[in-house]
Amino acid sequence: RNLGGNGKQLAISPDGKHAAFCTGGGNGSGYTLYDINPLDVTEFYGEWKIGAYPVSGAFSSDNKYFVATDTKAVKVYTVGTHVLTAEFSVEDFGYANKLALVGISRDNTYVYGVVTPHGAEESVVLYFPFVE
């Protein structure tokens, strides 16, 4: 299966039942990411509609949520239904198109995004409260 080009990150759920290969062009229809069966990469359970350009993703510790970025926002989706449940923009902070890495805390109380401002030597981590 062609899972897209310009691969950035491979995310695998803690239970090992889901995977997402984050590529700049996406791997579904448009800029989406397939919810891939890690045991058979030709099988997928659906897709998350991320938008241009899906470069990073992570699963929650309880396997319920998938967090991803289009470089402009931290987006939270359900794993079971692939529905967007929360979105946190970084454009208000002056970091549009700068998100390179996203994640979710082990207790699922916040999501975060890591940006490296242009010309900066250090990264900035932005935290957003997430309530299930």
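This dialogue reads a few features of a predicted model.

Reader: What should I know before I start?

Author: The model is predicted: local features need pLDDT of at least 70, side-chain atom pairs count only at pLDDT 80 or more, and totals for chains, interfaces and linings use all residues. Residues are numbered from 1 along each chain as its sequence is written, and side-chain values use heavy atoms, with hydrogens and water left out.

Reader: Where is histidine 82 found?

Author: Strands are DSSP runs of E, at least two residues, numbered from the N terminus. Histidine 82 sits in the loop between strand S7 (73-78) and strand S8 (84-89).

Reader: Does histidine 82 count as buried or exposed?

Author: Buried means under 20% relative accessible area, exposed over 50%, partly exposed in between (1.4 Å probe, protein chains only). Histidine 82 has 15% relative accessibility, so histidine 82 counts as buried.

Reader: Which residues does histidine 82 touch?

Author: Contact means heavy atoms within 4.5 Å. Leaving out residues up to four places away in sequence, histidine 82 touches Asp35, Tyr45, Gly46, Glu47, Trp48 and Tyr77. The backbone oxygen of valine 79 also lies 3.4 Å from a polar atom of the histidine 82 side chain.

Reader: How many aromatic pairs does the count come to?

Author: Rings of Phe, Tyr and Trp (its six-membered ring) pair if their centres lie within 6.5 Å; planes under 30 degrees apart count as stacked, over 60 as edge-to-face and the rest as tilted. By this rule, the count is eleven aromatic pairs. Take tyrosine 34 and phenylalanine 44: their ring centres are 4.1 Å apart and their planes at 35°, so the pair is tilted. The pair links distant parts of the chain, with tyrosine 34 in strand S3 (residues 32-37) and phenylalanine 44 in strand S4 (residues 40-49), ten residues apart. Tyrosine 34 is buried, at 12% relative accessible area. Phenylalanine 44 is partly exposed, at 33%.

Reader: What kind of pair do tyrosine 65 and phenylalanine 130 form?

Author: Tyrosine 65 and phenylalanine 130 are edge-to-face, 5.1 Å centre to centre, with 80° between the planes. Tyrosine 65 lies in strand S6 (residues 65-69), and phenylalanine 130 in the segment after strand S11 (124-129), 65 residues apart. Both tyrosine 65 and phenylalanine 130 are buried.

Reader: Which residues do ring pairs link into a cluster?

Author: Ring pairs join Trp48, Phe59 and Phe66 into a cluster.

Reader: Where is tyrosine 110 found?

Author: Tyrosine 110 belongs to strand S10 (residues 110-115). With 31% relative accessibility, tyrosine 110 counts as partly exposed.

Note on methods: Helix = DSSP H or I, 4+ residues; strand = E, 2+ residues; numbered from the N terminus. Polar contact = N/O pair within 3.5 Å; in protein donor to acceptor, adjacent residues only side chain to side chain.
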